Amino acid sequence: MDYHQPTTLAEALQLAAEKPCLMLSGGTDVFPAHAAKQISAPVLDLSRVEGFRRIEETADEWLIAAGATWTDVVEAKLPPAFNALQQAARDVGSIQIQNRASIIGNLCNASPAADGAPPLMVLDAEITLATRFTTRRLALDQFILGNRRTARGSDEIAVSLHMPKSSVNGRSVFLKLGARKYLVISIAMVAARVVVDAGGRISDCAVAVGSCAPVAKRLRRLEQSLIGAQAAAPVTITNAMLDGLSPIDDVRATAAYRLSAVKELVARALAGAMA
Amino acid sequence: MKLSVNGKARDLTCPPVTRLADALRDELKLTGTKIGCNAGDCGACTVLIDGKSACACLVPVAQVEGAAITTVEGLDGNGLQTAFLRHGAAQCGICTPGMLMAATELLAHTPTPSRVQVEDALGGVLCRCTGYAKIVDAVMDIAIADVPSPASGDAVGARIERLDGGLKVSGEELFGADEVPEHSLHLHVIRSPHHRARFTIADTEAFLRNNNGLSAVFTAKDVPGLNRFGVIPAFVDQPVFAVTEAIFKGEAVAAVVGTAEAIKTFDSATFPVHWEVLQAAQSPGAALHADSHFIQPGRPKNTLVEGHVERGEIVNGFAQSAHTVTQRFTTPFIEHAYIEPEAGYAQRVGNRMEIYGCTQAPHMDREAIADILGLARTDVRVMPSACGGGFGSKLDLSFQPFIAVAAWHLNRPVAIAYTRAESMASTTKRHPSDITIKVACDLEGKITATDFEGVFNTGAYASWGPTVANRVPVHASGPYFTPHYRAHSKAVLTNCAPAGAFRGFGVPQSMIALECTLDLLAERVGMDALEFRLLNALRNGEPTATGQVFQKGVGIAECLEALRPAWERAKQPQARPLHIKRGVGIATCWYGCGNTSLPNPSTIRIGITPNGDVVLHQGAIDIGQGSNTVITQIAADALGIPVHHLKLVGPDTDLTPDAGKTSASRQTFVSGNAAKKSGEALRALILRETNVADDAILTIADGTITIATRSIALHDRPINQHGYVFMSEETYDPPTKPLDAMGQGEPYAVYGYGAQLVELNVDTKLGTVKLIRITAAHDVGKAINPMLVEGQIEGGIAQGIGMALMEDFIPGRTENLHDYLIPTFGDMPEIKSIIIEVEDGHGPHGAKGLGEHVLIPTAPAILNAIRNACGALVRHLPATPDKVLAAIQEVERL
């Protein structure tokens with residue numbers, strides 16, 4: 001069987017162009033999808049690509065490269081706008097998972113319950129997809145298209161995430177609601193980032209909700225309603241502010257419960273981000 | 001591919017995509033790394049890669065080229081392993097290697113961790129036995145001192161570490177999947193993907209020709225003897241392979257045998273079976289409907305069995321009552337979720353069959369396999385491996401028949417290890433229940449009457465359904481004096497996985513209904529929930545619901561009294577945010593130990609070799625609960641030698657007499673009594689020969705027995721057929737009496753009792769429940785080993801928490817450990833165990849059973865505490881956040 005472990009991006013892109021491969025980074029989603037069976041498809045293992053573990057600040061953005069793990073994010077020194085992402089990193093699966101799983105892999109797996117999506121969305125993250133000849137950058141809501149569906153072509157490799165400095169402001173909070181403490185898939189989760197100006201007013205704000213639609217969603221209407229408001233004022237979340245969410249009944253909770261819980265989680269996340 | 005494993009350079013030849021867990025186990029023979037799920041859901045396979053923990057089942061070996069791997073075999077008998085032993089942190093031991101590795105990573109950077117740090121670091125490893133408390137203790141206190149070995153006669157009551165614990169913490173313990181003979185073939189079971197379907201199997205010859213490495217296919221026609229098995233003689237109804245119709249999702253229809261490699265890569269979709277999907281009935285409601293098909297031909301109306309207990313004048317009882325409360329509760333299927341999936345191998349030795357693997361009932365397995373193969377029982381040998389958790393499900397056959405049939409025909413060893421999904425889909429579950437209960441009391445709060453109607457979904461085959469149906473009406477009164485009583489149970493066949501034995505045989509479900517209803521009744525009377533229970537607690541001399549009267553040993557009042565200080569403290573108001581409500585709840589249990597009105601013997605043999613070795617044939621399977629230790633403690637004191645001088649021979653059916661099955665909380669009581677009798681008998685033999693005083697000090701060593709001033713040289717004595725110069729073999733069978741048509745009689749010689757108090761917080765905006773503390777008082781008669789008693793209490797509570805708050809097995813939907821949730825480290829409250837010792841009239845040293853009792857009060861106490869916190873009673877389990885919030889919103893609407 002084919003198992004490729006390129007050490008440079010150019011080599012990886014060349015391999016991706018030659019044939020459709022199963023992309024594998026930390027392996028924490030790929031192996032469970034194969035249960036106890038041996039994987040038979042060609043594998044493109046990206047874990048040894050040089051530079052893929054980087055988390056770095058440039059002049060106008062922060063960058064997280066494709067192989068950076070949740071543990072890398074927890075251990076990185078990051079501004080408070082990343083608090084939500086760092087909290088999500090601590091809440092993913094278990095330390096065993098956090099040590100191996102890549103954040104980009106979490107997005108490429110495109111689970112509606114991907115812990116990485118809401119905290120990255122509130123940072124206006126974009127993802128870079130590359131082929132041998134092209135590079136394109138997509139906002140996350142253009143990249144994740146549905147349950148287990150992304151815009152990545154079979155010859156494309158997701159190489160990095162980019163958080164513009166203009167959005168790396170304020171503080172963020174991540175709240176994950178599940179039926180147990182560890183090793184849990186969320187019933188609902190919320191990331192909120194708030195920038196409060198010198199006058200105590202909200203000058204910028206971003207709220208994203210996961211596990212309540214096929215793809216995590218920003219609550220733009222809510223965000224707009226909050227800009228200019230006094231940070232200390234209590235926030236009431238109305239149903240209209242949750243448009244775009246379409247939760248389902250499943251083994252974890254009912255749809256009605258999810259909507260009800262999201263209102264509470266959003267209010268708490270905002271309060272936390274402004275505290 | 002080069003890497004370092006436990007400091008040694010190794011070179012792997014397996015394909016680069018191979019899971020590290022498989023490479024370690026199959027190629028390097030390091031079987032200390034366990035596979036529980038192959039999905040990162042359980043953490044049993046945790047190893048360190050360059051010092052960082054990882055699930056070895058999720059790592060392709062290509063990624064560890066050049067890396068340094070540490071497995072449990074690489075721990076050097078360090079303080080952590082010793083601490084696990086001394087704290088009692090390992091029960092069955094299957095999760096222990098994963099726990100040790102996760103803790104090793106933590107202690108490397110945080111030598112004195114806080115409780116929260118331990119929980120965070122170990123939170124990715126599941127344990128189903130311990131309730132995690134002793135694991136946390138061990139990691140936080142690795143410097144714990146040794147307990148000195150008790151002297152002759154002092155073993156009973158001593159807090160000694162498990163006698164079989166060394167192998168569990170070293171990773172050397174061999175579980176079902178850890179031993180595979182050279183040149184074994186492997187077996188894959190073809191199972192129905194439908195809840196009900198007719199099927200035809202096409203040309204298997206062509207199929208075999210097209211699949212390299214596959215050597216044989218077996219179906220129903222290849223079963224040499226009886227294509228049926230079961231655990232109760234009158235209800236032997238489950239085929240090894242379905243013949244024409246599969247009646248639950250996961251039922252076996254065929255088996256494919258081949259090389260390890262061929263089975264690993266085999267795609268079951270290529271097997272030539274055609275399915276015709278049929279209408280399925282998955283609930284008792286559907287199966288009892290007049291239009292329903294028969295689940296099994298020959299069982300019209302789909303009713304497997306009914307149970308009934310009645311006493312007093314039920315109608316008058318209610319008529320004369322001041323307060324009556326009627327409630328209905330439902331509970332779902334619950335999965336045992338032991339971390340060890342079923343595994344083992346079979347080999348034919350001449351015309352005998354040997355079966356190695358995990359089980360709770362070796363002698364029952366032997367009988368059933370003999371029938372399936374058409375052999376005499378003596379021609380089947382069951383060699384139990386260590387058992388990585390059982391909780392009732394490993395009482396039934398699962399993997400054994402397939403490999404036995406295959407090995408018989410092929411005359412080659414044949415091995416199997418169930419996948420997690422296969423284990424969850426095909427093995428037995430706790431019965432879903434639908435219970436309507438009516439309880440009444442007089443003006444003073446004395447219970448006058450209880451009427452109980454329970455319908456249990458028993459799945460497609462009988463398994464232990466009849467036992468559940470019989471036990472439930474005997475126990476549904478709870479440990480309360482109830483003058484007028486009627487309880488009826490019905491086990492209904494459906495197109496679901498068979499429901500069987502699970503820690504409590506239907507009693508936990510029943511006590512949820514009773515104990516939650518009692519809180520409502522106490523409120524009607526205006527009584528405190530604890531006082532109400534104390535007022536009604538069964539006392540010595542009062543008849544049970546079956547009319548049995550115990551003159552001693554009824555310990556429920558003592559358990560309730562023991563909770564009083566915690567109860568008074570917990571009721572004090574606490575400051576907290578408005579949306580967080582504190583609640584406190586209480587519930588009790590009682591549970592009869594051993595079979596219900598049926599013979600239930602255990603036999604224990606002790607022999608002395610010419611060298612002076614004292615050998616205990618300990619046939620009571622230790623599934624983690626500690627029978628290897630407890631039975632030995634009892635035997636040692638009865639014989640009068642130090643406990644550590646006894647050598648154990650395990651439950652191999654060729655070597656050790658039948659000590660019955662590990663179920664019904666019977667081993668300490670029944671096998672313990674047999675061990676006591678056997679130890680005493682052996683001592684009597686020695687005393688008779690030496691004619692010394694009864695209490696003389698006995699020493700057996702170096703080929704000589706020394707007692708008082710006398711000595712016996714052992715080498716010169718004749719040995720018996722078992723190789724012993726002195727031997728005793730004694731049997732104990734508990735005295736019971738049959739139940740009559742009204743369920744009156746003496747079903748058990750011994751009951752155990754308990755009461756638990758739960759303190760928790762409810763987030764009334766999210767419906768989430770945070771457990772704060774559980775105080776558990778259990779009457780064990782005599783704690784043979786207090787550390788193991790605590791371990792049982794903590795572990796039972798963990799399963800009770802799961803049942804209350806998160807566990808919900810849905811056939812075809814939650815067949816993995818990320819959709820089916822069991823408690824993790826972070827879901828456990830502080831647990832305070834209070835051991836009560838009200839001496840029993842029959843148990844060894846007055847001891848009573850405990851294993852099942854401990855989980856019974858937890859769920860109802862939690863539900864009562866939730867209601868106490870926020871007024872909402874959740875009647876349909878599990879009380880997940882959505883159900884709790886819906887119940888709160890319902891209360892707010894009223």
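Reply: A definition comes first: a residue is buried if 20 or more other C-beta atoms lie within 10 Å of its own, exposed if 12 or fewer, and partly exposed in between, with C-beta atoms placed from the backbone. This is a predicted model, in which local features need pLDDT of at least 70, side-chain atom pairs count only at pLDDT 80 or more, and totals for chains, interfaces and linings use all residues. Residues are numbered from 1 along each chain as its sequence is written, while chains are lettered from A and ligands numbered from 1 in the order in which they are written.

Me: Is Cys205(A) buried or exposed?

Reply: Cys205(A) counts as buried, because 25 C-beta neighbours lie inside 10 Å. Cys205(A) belongs to strand S13 (residues 202–210) of chain A; helices (H or I, at least four residues) and strands (E, at least two) are DSSP runs, numbered from the N terminus.

Me: Which residues does Cys205(A) touch?

Reply: Leaving out residues up to four places away in sequence, Cys205(A) touches Arg193(A), Val194(A), Val195(A), Glu223(A), Leu226(A) and Ile227(A). Two residues are in contact if their C-beta atoms, placed from the backbone, lie within 7 Å.

Me: And what about chain A as a whole?

Reply: Chain A has ten helices and 14 strands. Its radius of gyration is 19 Å, close to the 19 Å that the globule rule gives for 275 residues, so chain A is as compact as a globular protein of that length. The radius is taken over C-alpha atoms, and the rule is 2.2 Å times the number of residues to the power 0.38. Buried residues make up 53% of chain A.

Me: How many helices and strands does chain B have?

Reply: Chain B has 22 helices and 31 strands. Of its 894 residues, 64% count as buried. Its C-alpha atoms fill a box of roughly 80 × 75 × 60 Å along the principal axes.

Me: Why is strand S20 of chain B described as largely enclosed?

Reply: Nine of the ten residues of S20(B) (residues 484–493) are buried, so the strand is largely enclosed by the rest of the structure.

Me: Which strands pair with S20(B)?

Reply: Strand S12 (residues 303–311) of chain B pairs with S20(B) in the antiparallel sense over eight bridges, and strand S19 (residues 447–459) of chain B runs parallel to S20(B), joined by ten bridges. Pairing requires that DSSP finds at least two bridges between the strands. Within S20(B), Tyr485(B) is the bridge partner of Arg311(B), and Lys490(B) is that of Val455(B). From S19(B) the chain crosses through helix H14 (residues 465–475) of chain B to S20(B), in a right-handed β-α-β crossover. Right-handed denotes that, with the strands pointing away from the viewer, the path from the first strand over the helix to the second runs clockwise.

Me: Now the interface. How many residues of chain B are in contact with chain A?

Reply: 46 residues of chain B are in contact with 39 residues of chain A. On the chain B side, the elements giving two or more residues are strand S4 (52–55), helix H8 (260–265) and helix H22 (881–893). The largest share, four residues, comes from S4(B).

Me: What covers the buried residues of H22(B)?

Reply: The cover includes helix H10 (255–274) of chain A, together with strand S29 (751–763), strand S30 (768–779) and helix H21 (858–870) of chain B. Among the buried residues of H22(B) are Pro881(B), Val884(B) and Ile888(B).
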